[in-house]
2 protein chains.
Amino acid sequence: MKKAFDLEALTRPHINALTPYQPGEQPQGSDWVKLNTNENPYPASPKVAAAIAAEVGKLRLYPEPFSLKLREAIGQRHGLDAANVIIGNGSDDILNLITTAFAKDPGVGHTVPSYSLYPVVVGMADSRMIDVPFSREMKLYPQDIAAAEASVFFLTSPNAPTGVGFSRSTIRAVLEAIDGFLVVDEAYIDYGGETAIPLLQEFKNLIVVRTFSKSYGLAGLRVGFAVAVPEVISMLDRVRDVYNVDRLAQAGALAAFEDEHYFSERRADVISTRGRVAETFAKWGWFTYPSQTNFLFTEPRKPGSGPDAATALSLFEHLKRSRILIRYFPKHPLTCTFIRVSIGTDEQMDRFLQATEQWMQNV
Amino acid sequence: MKKAFDLEALTRPHINALTPYQPGEQPQGSDWVKLNTNENPYPASPKVAAAIAAEVGKLRLYPEPFSLKLREAIGQRHGLDAANVIIGNGSDDILNLITTAFAKDPGVGHTVPSYSLYPVVVGMADSRMIDVPFSREMKLYPQDIAAAEASVFFLTSPNAPTGVGFSRSTIRAVLEAIDGFLVVDEAYIDYGGETAIPLLQEFKNLIVVRTFSKSYGLAGLRVGFAVAVPEVISMLDRVRDVYNVDRLAQAGALAAFEDEHYFSERRADVISTRGRVAETFAKWGWFTYPSQTNFLFTEPRKPGSGPDAATALSLFEHLKRSRILIRYFPKHPLTCTFIRVSIGTDEQMDRFLQATEQWMQNV
């Protein structure tokens, strides 16, 4: 006798229990000022379009399965070999490979708050998430991370949503104190942080993850990478889908990576705009964490009131009514009084600042 | 005291034990006749290039996370809703989502021989692979599948590497006999098989998987899809990376899907060439399974000798020396006396047939 269909019973228990990742809103209309998902306000290098056009005629053939040209170019830039590099369908793919391969008892650690995808990939691997809480100063204490005894520890540096980077000497102290993997997620490194990559010479349990989504302006193409010692890369390749990165993504990312001049100019533009906006926040008396990223995490207030969660939510909602999207994280005491605003073009930030001033005056 | 780095100890035991998928060779030079990975010998619809070019300017923005336009178009074509459809980074992505969500004790079943990726995704999910062996007649016996009591059963129809399709009534009999999921992998369905999709009206435990890699000529773009009841699709979405399909892949696949005229013509070309090659094999006295795919699985022999494994290997090696790549599967008694040859253009198949005749004469 055939049983009645019962989806919950057919699903693995840890998947039934999983809370999926909630991405920032992706409105598809063009009249929004979109400052909510840390995209680059500038388009990718113009060389990307040409590289993609040259590859379109070959789409009937499977991609080169190792993204080897990209591995070579990235390795060379960092004084490493292709064997030190793996390419992912976005860095999210790589985070998932890491937990698939290495998530073991007693669990996987992360600092709180940080990137909300970590608990999702840990949950998918049926492992336990170990929280290491930040205090408001957002300092990293290596002994706290060591005490977690995690099989893998995710550290975003510079951190999100705060924008605060951690020094190489601090990261070295973490590596000296732990036996599990330290995954340094450098999604925002190009905007001012100190990279952990040189520490690969000393530590085999270091994996540094990066993305083309932010500084290279290719969020829509889904390319990320990690560097580690070759034996770790080989293990990640073992769980990687052999055709995880399509032909256009391989070609487009390589073209963007090689156009260093364009990259540097757009990065400088974002850093310059970030400085101007941070100064305005300071002038208004708002506390803002020092940012080494393409966003600012700031605690809004109106004259004579705030900061508090109601104030932050009120600004978020006011801006949304003005068709300006920023990010608000209501669930944690260290984030609920803040807003996170991505750095857009000067024109976009002027529109954001004007709408915010209007909100401030409306007491 | 920090321990010495021990990668095996840091890796999950089932990943240490995993045998990775071995893709067919992907030579990047252009002088090969590549008949080894069932790619389409014809380029994708010319509308694909235009759709991709129109999207390149938006790459700084994350993709629409649900590939909604593709879900709608695919749903509509099959008399279903967008809620019945999920899009993957290739159908391999979807096979992985299925085992991530649904692989449970006593394990996941497949017929043997079939697609060699199934044991890999099952191994990654730390589940057990249950083999249901074919005999040489390659018939499907629903009671054998029911006896496996698998949580998920992978059935490729038409099958690979044989090319033999299974009727909808046989698949219905399987669905009536099992309580777990039946995943019908219809990678090759457009070349003549009978689709299982209408059975979704009756069976909630059916998942039909397809790909744009073969009949749409987009192996290099990595787009696959599955159809199922909405609650099953929702569960797969829960384990899907939210940005698994990039902007160019979404746009390119949609353009190919909507160009039905071009699709039909190229499909007819392949079917016509397949018939001609199969007739030649028959004339030579070779046994070939009746193919409903874009490849032929045939048992080569020379006048007065074979078929046997040495003969098949000898042809494979002769062709490789002639820079013609086909596929040879030495590991299974039902495959080791055969070769699998993808259907190329008429010109490519002439080169293949000529080289093969040369081999036959060289007794």
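The legends below describe close-up views of a predicted model.

**View 1. A:His318 in helix H12 of chain A.** Helix H12 spans residues 309-321. A:His318 counts as buried because its relative accessibility, 11%, is under the 20% cut-off. Beyond its neighbours within four places in sequence, A:His318 is in contact with A:Ala355, A:Gln358 and A:Trp359. A:Ala253 lies 65 residues from A:His318 in sequence, and the two C-alpha atoms are 37 Å apart.

**View 2. A:Phe212 and the largest nonpolar core.** This core has 112 residues, and A:Phe212 and B:Phe212 are those with the most contacts inside it. Leaving out residues up to four places away in sequence, A:Phe212 touches A:Leu70, A:Ile74, A:Gly217, A:Leu218, A:Ala219, A:Val223, A:Gly224, A:Phe225, A:Ala253 and A:Phe257. A second, separate core of 80 residues includes A:Leu236 and A:Tyr243 from chain A, together with B:Ile15 and B:Val242 from chain B.

**View 3. The interface of chain B and chain A.** Here 78 residues of chain B are in contact with 77 residues of chain A. The two chains bury about 6,600 Å² between them, with 58% of this area on carbon and sulfur atoms.

**View 4. The side of chain B that touches chain A.** Several helices of chain B each supply at least two residues to this side, among them helix H3 (46-56), helix H5 (91-102), helix H9 (230-239) and helix H10 (247-258). The residues on this side divide into 42 nonpolar, 17 polar and 19 charged.

How values were computed. Residues are numbered from 1 along each chain as its sequence is written. Chains are lettered from A and ligands numbered from 1 in the order in which they are written. This is a predicted model: local features need pLDDT of at least 70, side-chain atom pairs count only at pLDDT 80 or more; totals for chains, interfaces and linings use all residues. Side-chain values use heavy atoms; hydrogens and water are left out. Helices (H or I, at least four residues) and strands (E, at least two) are DSSP runs, numbered from the N terminus. Buried means under 20% relative accessible area, exposed over 50%, partly exposed in between (1.4 Å probe, protein chains only). Contact means heavy atoms within 4.5 Å. A nonpolar core is a set of buried Ala, Val, Leu, Ile, Met, Phe, Trp, Tyr and Cys residues joined through side-chain atoms within 4.5 Å. Buried area is the accessible area (1.4 Å probe) that two parts lose on being put together, summed over both. Ala, Val, Leu, Ile, Met, Phe, Trp, Tyr, Cys and Pro count as nonpolar, Asp, Glu, Lys and Arg as charged, and the others, Gly among them, as polar.
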